[in-house]
Amino acid sequence: MDKLKYVGKSALRVDGIEKISGAAKFIDDIEFGPGLLYAAIVESPHAYARIRGIDPKKALALDGVVKVVTGRDFPYRFGLYMKDRWVLAQDSVRFVGEQVAAVIARDKRTALRAAKLVEVDYEVLEPMLEPLGAAGSEPPVIVHPELGDYSHVPWFFPKPGTNIAHHRKTRKGNTDRGFTAADFVLEDTYTVPRFAHCAIETHGAVGLYDHSGRLTVWTASQSPHTQRHVFAETLAPLGLTHKDVRVITPYVGGGFGGKAGVTMEILAAALATSVRGSPVKVIWTREQEFYNTYQRQGVITKIRTGFRKDGTITALEHTLVWDAGAYVEYGANVVNAVGLSATGPYRIDNLKIDSICVYTNLPPGGPYRGFGYSEMIFGLESHMNMAAKKLGLDPIAIRKKNAIKEGDTLAYGAHMNPNGLMQSIDKAAKAIGWNKKPRPSGPDKAVGRGIALFWKAPAMPPNASSSVFLKFSEDGSINILASAMEIGQGFLTAMAQIAAEVLAVSPERIRVETPDTDRNPYEWQTVASHITWSCGNAVRRAALDAREQIFDVVERGLRLDRDALYLEKECVKSRTDASFSLPLRDFIINGIMQEDGTFRGGPVVGRGMFMPEFSSAKSNPETSQGGHPNVHYTTGAGACMIEVDRKTGRVKVLKAALAVDGGRIINPSLAKGQVVGGLLQGLATVLYEDMRFDSKGRLLNPNFTDYKIPTAHDLPDEVIPILVEVPQPDGPFGARGIGEHTMIPAAPMIANALDDALGVRIKSMPLTAEKIARALGGF
Amino acid sequence: MPILDGFEYHRPGTFEEALELLEKFKGRAAILNGGTDLVVELKDGRKKPDVVVDIKAIAGLDGITIEKGRALIGAGVTFGAIIQSKELEKRLPLVVEAARTVGSSGLRNRATMVGNICSAVPCLDSGPVLLVLDADVIVRSRRGEHKIPVGRWFLGPRKTALKPGELVTAVSIPFEKKIRGSCFMKLGRYAGEDLAQASVAIAAMRGAKYRIAFGAVGPVPLRAKKIEAFLAGKKISDKVLSGASGRVDREISPITDIRASKEYRLHMCRIMLERGLKKAVGLL
Amino acid sequence: MKKITIKAKINGEQRTLEVQPMETLLEVLRETLGLKSPKCGCDRGDCGTCTVLYDGRAVRSCLILAPEADGREIETLEGICRDGLTPLQKKMHELNAFQCGFCAPGMIVSATELLRRNKKPSEGDIKEAIGGNLCRCTGYEPIIDAVKAVSGKGRR
């Protein structure tokens, strides 16, 4: 690779000092003055019920209550990929916690007290709480009887009259022939429950509908432009157009997908229109964060794989039935994405994938780091290990035998991009000492090693795009205006580094800040691990555009040969004249003065846009063949060495390594941060995060006391991040995303290591100590 | 959720003032000490007192007093202070060991041992330890001071022998010279802070006598008298440990909840008892 | 609801405040005093984002009633770096120790308390000090590394 000055270095975060000094402002930190109103939400205590009536009388009687609003005031549907969700419930509620009414008051406590006084008359119905029954041909409950009326993206296939919101079918080759050709067929079922994002900052939004008809919504969101679009569309009946709606997003305290799309923020937007002229704040408590934001869907997967004696996969049948919750406007795309990629990173010629999105009366499922791939890979990579065991093959060898290579045909017909999968496998295994199992530390302990491969592609509409403005100040410093979001991943810094590389201005002289949709140009969403690639490309193009303008000005202003010009240390230099060095600050705003006193040039403003024009969601609905729905895959492998206590079932992770191919790592320290953070988050899902619902669909542990997320004590003894670089041809400097991927292999690699240690195979998550001790026959 | 219901806040400077307030408001007053329990209850709306009496201004409550035969841990002594006490580390290591497992350091800087036993939640960490050490709870009212052995302190989940108008001023823990070794084991779901799903406190004494108490596996923490009787006089061996752990189900009555099943709690109590005994007698 | 007047030293400055008994210290710091660095992540003492120094000790300000603070000395992150970033903060910046930054104030307060009383903490001491500060982004390693580096122990 060519020698780069800024890309590839561990530049300091451009938002580092703000965050470390406590100056960084999040949604709840922004002051709106004494006129700020608060909204408290009246929530359904039932998983499924019809609303017979709502009486706000007692609430309105409280001093300080300004308004009480119900679904009658906002009978509007919204949704990202399918419009199946209501601003406030209409005739029925579909999950415990669903918003039914809102009380707007002068202060928080009054709003909360008043919310308790709103009387809702429910006709309680029997809820549908599990997906297999819900997916059946005659389910007792149809969660969305009007499914046939919902508008949706053309690549969804809902089945009206059922609870099936979408069914992605992928068919390739001939599985009958494939199974016949197999020496060995393994079939098994795996269960992955729901999980919570647990960003440390809860969701929040403030809406202000002023007297000029302008709606401004401040939100903790990963997707300001998409939010603006949804607000404008949904509230269009009130006379709002896009030009009237402005979304401003401050720093976000963790997203992990949970702050993508639109969930509770629609309430701030809608409620603002009820109290024109006053800002109204809606902030979620930690409990609400657990039960009324997106959750990671649960899934039951059935995998049937045919193998030859040497481990080659001859056929795969993969059925995934997803517990997608009460509203699937975003979650259905998770189901879709996995339906296209449920082969895992393997070359499989004969396959049949059915990924089925099922409505249930549980909280809405939605995007969560990994977008369904963690759930799918748990089953698939557990399955590969079991097959290896049965065939007497080494778990690494069987994977390498089938590992997908560049150019191989994917499940839906397109071709696999360049990737470092093979070297990731080798490096991860080596890092944990695959061939050097340590001795157990005591008589009750056993040591095991596990490996799991992973891959994931960004799941986006085929026209997801990024656009960027890049402008200079008089002193030659730069502002980059993009609408991607800093959710912790370090995107602001990465963009500064990319621009720095092109324009020879160091990242410390570049400001990149969180967006305002009025000022910053369009970005689809900060999801899918696609921002480094997509927005990075847009930034690079904007920088190149600026560079062209700079050379234009110098060419016209000084009559120099532009082909000889280059940039270095904030100056324009010439390859044919070593003495020429013109600082950008001398002309970047004001141009170059001519002899006659006139000027050439003017402010240089770079513009860049990136939208992949090869991506298409159009394919055969019965086979998924013919489209190019995924722009590329990021691949890698995770490996671990664990020690298990045979009596207590407690797992200690001695070493965990994760190798991921980022194409070209823009900032190694930030990339490593994604690996360590993602790995720990993944380990938590397999070892102790445990969502519990009661028989009426109520979440029993909506708090950190009983939904355990990792503390500093829970780190593995050693975490080894490995950054692999096999360039992505269409990525900025060869980069592709890695943000989500670092979670994906955690669960199966632990399950595999457990099997290696004790010969115990557990096919449902989480693998808590209790579950392991029980499987070991301890009690 | 912020606290929605109002109350009067009082901060008496003396016992007399405090006791007068508690007498006056009887069941409508809540005692505020470290606050890590009460403030959550106020937020949840589980307690709606008319009056909150903050006892932290009363002189003399936040000391650890080492007397000839005992340590007096004042009501205001936090778990953090217990951990940092070199005297307690030396003379009552079991107390310090249990204190280290309570919550996190930020909680331990406020939460008190007396507050812990007054909350009497079944999973409390101090309970088993104080039972094993035969501690007394020192209670004061306007009628004077009296002590309640900790074995008679816990009456049920969140129920103690404290009567309205009374205040716990300290816990008195005797120094038992015969204790050779001790151990506190707590079952959590992972390495981070957790409420106990089961716990066991063990004191191994000279003459092969043992004191054992379980926590979080019954409505109140309890001394395992049957196991103690079985172990008395016996040297710890695999066979003896097996006999002891085989008797655990006669002592405890764990429940199944979202944190753990009763079977796993029983299973873990057996394991923790065996491992705890080994550790207490120095075999691990 | 009757307000109570309290006097407390906040970030080195003696303040007189009117508080309601049922307000928490966290609410008063954020809403009455406009100090936004302590955050409300859970309001139950489980997450540590509300951590401040209270008479020098790291505590969860969401579990302290405002009137209790009368006569007390409170330091938030704003006060800790009032005169400039501390060596710990500089090291954290150098190591890109935080990602989203929401846990940072509480985390830094806890680590600051540790370093003020123990200049050479072990890894166990560090984990103990920040064990109640939840971070979902970083996996804690760079934070631990920063505390280690500043106490002269070097990276793991």
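In chain B, four strands make up an open sheet with the order 11-12-13-14, and they pair in the antiparallel sense. Pairing here takes at least two DSSP bridges between two strands; strands are DSSP runs of E with at least two residues, helices are runs of H or I with at least four, and both are numbered from the N terminus. This is a predicted model, where local features need pLDDT of at least 70 and side-chain atom pairs count only at pLDDT 80 or more, while totals for chains, interfaces and linings use all residues. Residues are numbered from 1 along each chain as its sequence is written, and chains are lettered from A and ligands numbered from 1 in the order in which they are written.

The edges belong to strand 11 (179–187) and strand 14 (222–223) of chain B, each pairing on one side only. Further in, strand 12 (residues 198–205) and strand 13 (residues 209–215) of chain B are joined antiparallel by seven bridges; Ser199(B) has Gly215(B) in strand 13 as its bridge partner.

Helix 5 (residues 93–100) of chain B lies across strand 11 and strand 12, at about 15° to strand 11 of chain B; angles run from 0 to 180 degrees between N-to-C directions, with axes fitted to C-alpha atoms, for helices over the stretch in contact. Helix 11 of chain B touches strand 11, strand 12 and strand 13 of chain B, and its direction makes about 25° with that of strand 12.

Notes:
Two residues are in contact if their C-beta atoms, placed from the backbone, lie within 7 Å.
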